[in-house]
Amino acid sequence: MKQLILELKTGQIRLDDVPAPRVRPGQVLIRTRRSLVSAGTERMLVAFGRASLLAKARQQPERVRQMLDKLKTDGLWPTIAAVRRRLDQPVPLGYCNVGEVMALGEGVTDLHLGQRVVSNGPHAEVVCVPRKLVAPVSDDVSDDDAAFTVVGAIALQSIRLLNPTLGETVVVIGLGLIGQLTADLLRINGCRVVATDPDESRCDLARRRGLLALNPDQTDVLRAVASLTSQAGADGVIIAATASGDTLLTQAARMSRVRGRIVLVGQVGLHLNRADFYAKELTFQVSCSYGPGRYDDTYEQQGHDYPLPFVRWTENRNFQTILQLLASGQLAVSALRTEPVPLTNFRSVYTSTGPVAALFSYPDPVSLSPVVCISPGRFSDSAGGVGLIGAGNYAKTTLLPALKQVGLIPAIIASERGLSAARLATVYGIGKATSSYRHLLDDPTIDLCLIATRHDSHARLTVDALRAGKHVFVEKPLALSEAELADVVEAQRQSGRTVTVGFNRRYSTYVQRMKTLLGGAVSNAVPMHVAMTMNVGEVPVQSWLHDRAAGGGRLLGEGCHGVDLITFLTGSRVVRVCLLAMGTQPSETTDSASLLIQYANGATGVLNFLAVGSRAYAKERVEVHSQGRTLVLDNYRSLTGYGFRHFSRLAGRQDKGHRALMMALAQHRRQGSEPPIPFAESVNTTQAMLAALESLRQTGWVTLRPAIDPPPASSAW
């Protein structure tokens, strides 16, 4: 299928062939009939992409601060690489979509196949959208009009926050698409509307539609508003414009009456002049997109509605309201748009200076293939091909660059949405992109399956791949529950195929040197203690990483790296753990805790997993104490030794072992050598993390029960 994307690095707009997305639980698969281009919003994105790196930085100062923090902890080159990767990504354009239901995900029962619906889907021939972001369209509303629903809901939400009453005077600053719709909805609400914009063509459009529109370059808007309100000032102001400075916010404050209200739906500077707001006791609020529920995964992705008596207007109910106004004829939008343009003629839309909105039309039928051929591919050998499931941040920033360095390029890449898979396939010369991982598993030429998806799918996909006869490399964690772990162990036993978990730290140059310096196997006669601090930093509370079902919680999902590293250094298996979490009421998703570890050979370990530390401090630090000697590893950039006769320090670029692990994986495939990481050790690490959560519930030590027979060659195991 075809999809319109923006290259964030260059501002180039492309119409790409990508795999059609597959329907997922709680979602709706839609064949697009129309999609609307919001000229102001989308052209602003294009302008941002075409700006220089310095101009981009000026527009996003918060990103600059994050970059400086990373520079302090990780060094120059990792920071530069991270910035380049962030810019080198496709951005789907569009968010106002009308089409027909093609398929319904599990749990969606209130829509039917063939039904016309609106959604916030992008400019693509087929889209997959959560049910809460989909609303049915009645026969009274044409496709061309229905395409305004989502952007109309943005305007409507700003009005709901302003809460105007009949007869009030409201000023709308900015007469782009959202501003025009905001003015219309205010007028329907019984308000006297004054609209302003320095673009005379937009003012003329508003006047032709019966609005009072003032050009601030030709009229003193503050005096005009004062005159219209008998010097009292506007009851409310809605800013629907984009500006780099805070001039518009200052003007809004000065034209408001005492105790007036200001709502920002556009994007302007937020430096508030206290004197303007203090003297009048003004209120100021920022409007968030379509309404309550926006960016809330519980609402949008999981489909849990807010009860109507307590949250009267959600984003979906705002969609429905706009559709009702369109059906009744109270909201007329035909003058705001062009005639539909075929999607293939997209360039004419983005270079035009016509009406504030444009429509794309779509062909019928469209290609629904879940597979797209991207290139002939670069890798093939007698050991079989490689397939990658997952095209998210880890695959893009870490896994694929490491695979490229060792010449292990996948033949197929799969992602549910298709676009991200197609993008990475183009960048890395991967032969095919697909939105169905089953296509990868059913391919007899694929011998090794790489899994780089969200944590909650790791165990399921590993089991499916093993049952399909594939060797598996899976990013950590291996499983989120004892039941999942048992399924993986049994599938591995029955298939006889290998499973490698992405515990890359043990392959770091610095960690390998530590292992060499520490000598052979540790025993009760040669005690060792390893203390590791993972300074993981805070992530937003709404992140899926905190969700026990989706991410397992940060300790389980990320802390396993630390346990595996300590296990590697001690050369033994975990037998007992005890977790001490911060706070008076810690939960399984805690992100600040200390894990005490006891090993079969008498070694001990402590993992301090902390989200409360400074971002300027090293992200990971390891100390090993044994036989009167100490090793200190600082963020995989330097290793310092104390008490060693021929070693004192090793320093260089940061190396977390990703490339070396992929090299070992490639050798394992090509030469039939042992797996890079013994499966029994990965299982033991997973058991240790699950036991840590059990320890939190029991408030004491928990002893592990082996889930797999230990390797006979190692007495410590």
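Asparagine 163 sits in the loop that links α6 (149-162) to β9 (169-173). Its phi is positive, about 55°, although asparagine 163 is not a glycine. Keep in mind that this is a predicted model.

- As background, most residues other than glycine have a negative phi, and most peptide bonds are trans.
- Asparagine 163 counts as exposed because its relative accessibility is 56%, and the cut-off for exposed is over 50%.
- Threonine 699 also has a positive phi of about 55° without being a glycine. You'll find threonine 699 in the loop between α23 (679-698) and β32 (702-703). With a relative accessible area of 70%, threonine 699 is exposed.
- Glycine 469 comes after α18 and has a positive phi, near 85°.
- The peptide bond running from lysine 476 to proline 477 is cis, with omega near -10°. Proline 477 belongs to the loop between β22 and α19.

- The buried residues of α18 are His458, Ala459, Leu461, Thr462, Val463, Asp464, Ala465 and Leu466.
- What do these buried residues pack against? On the strand side, their partners are β18 (385-389), β21 (446-451), β22 (471-474) and β23 (499-501). The helices they pack against are α17 (437-441) and α19 (482-495).
- The pairing with α19 comes with some geometry: the axes of α18 and α19 are 9 Å apart and the packing angle is about 15°. That angle makes α18 roughly parallel to α19, given that angles under 35 degrees count as roughly parallel.
- The α18/α19 crossing is left-handed. On the α18 side, the contact is made by Ala459, Thr462, Val463 and Leu466. On the α19 side, Glu484, Asp487, Val488, Ala491, Gln492 and Ser495 take part.
- Sorted by class, the contact of α18 with α19 has 5 nonpolar, 3 polar and 2 charged residues.
- For reading such contact lists: an α-helix has 3.6 residues a turn, so residues three or four places apart point the same way.

**Helices α9 and α10**

- Helix α9 (residues 221-228) and helix α10 (residues 247-255) have axes that come within 10 Å and cross at roughly 25°. The two helices are therefore roughly parallel to each other.
- The crossing of α9 and α10 is right-handed. Val221, Leu222 and Val225 of α9 meet Gln251, Arg254 and Met255 of α10. Class by class, this contact has 4 nonpolar, 1 polar and 1 charged residues.

**The β2-β1-β4 sheet**

- Three strands make an open sheet in the order β2-β1-β4, with antiparallel pairing. The edge strands, each pairing on one side only, are β2 (13-17) and β4 (90-92). On average, neighbouring strands in this sheet are turned by 45° against each other, ignoring direction.
- Strand β1 (residues 2-7) is joined to β2 by 5 bridges in the antiparallel sense. Opposite lysine 2 stands aspartate 17 of β2.
- Lying across β1, β2 and β4 is helix α16 (residues 419-428), which runs at about 65° to β1.

**Strand β3 and its partners**

- Is strand β3 mostly covered or mostly uncovered? Strand β3 (residues 27-38) is mostly covered, with 10 of its 12 residues buried.
- Antiparallel pairing with strand β7 (residues 126-130) runs over 5 bridges. Arginine 31 has valine 126 as its bridge partner in β7.
- Strand β16 (residues 357-361) pairs with β3 over 5 bridges in the antiparallel sense. In that pairing, serine 35 stands opposite phenylalanine 360.

**A buried serine**

- Serine 626 is part of strand β28 (residues 620-626). With 7% relative accessibility, serine 626 counts as buried. Leaving out residues up to four places away in sequence, serine 626 touches Val526, Pro527 and Met528.

Notes:
Residues are numbered from 1 along each chain as its sequence is written. This is a predicted model: local features need pLDDT of at least 70, side-chain atom pairs count only at pLDDT 80 or more; totals for chains, interfaces and linings use all residues. Side-chain values use heavy atoms; hydrogens and water are left out. Buried means under 20% relative accessible area, exposed over 50%, partly exposed in between (1.4 Å probe, protein chains only). Helices (H or I, at least four residues) and strands (E, at least two) are DSSP runs, numbered from the N terminus. Contact means heavy atoms within 4.5 Å. Two strands pair if DSSP finds at least two bridges between them. Axes are lines fitted to C-alpha atoms, for helices over the stretch in contact, and angles run from 0 to 180 degrees between N-to-C directions. Angles under 35 degrees count as roughly parallel, over 145 as roughly antiparallel, 65 to 115 as roughly perpendicular and the rest as oblique. A crossing is left-handed if the near helix is turned anticlockwise from the far one by less than a right angle, and right-handed if clockwise. Ala, Val, Leu, Ile, Met, Phe, Trp, Tyr, Cys and Pro count as nonpolar, Asp, Glu, Lys and Arg as charged, and the others, Gly among them, as polar.
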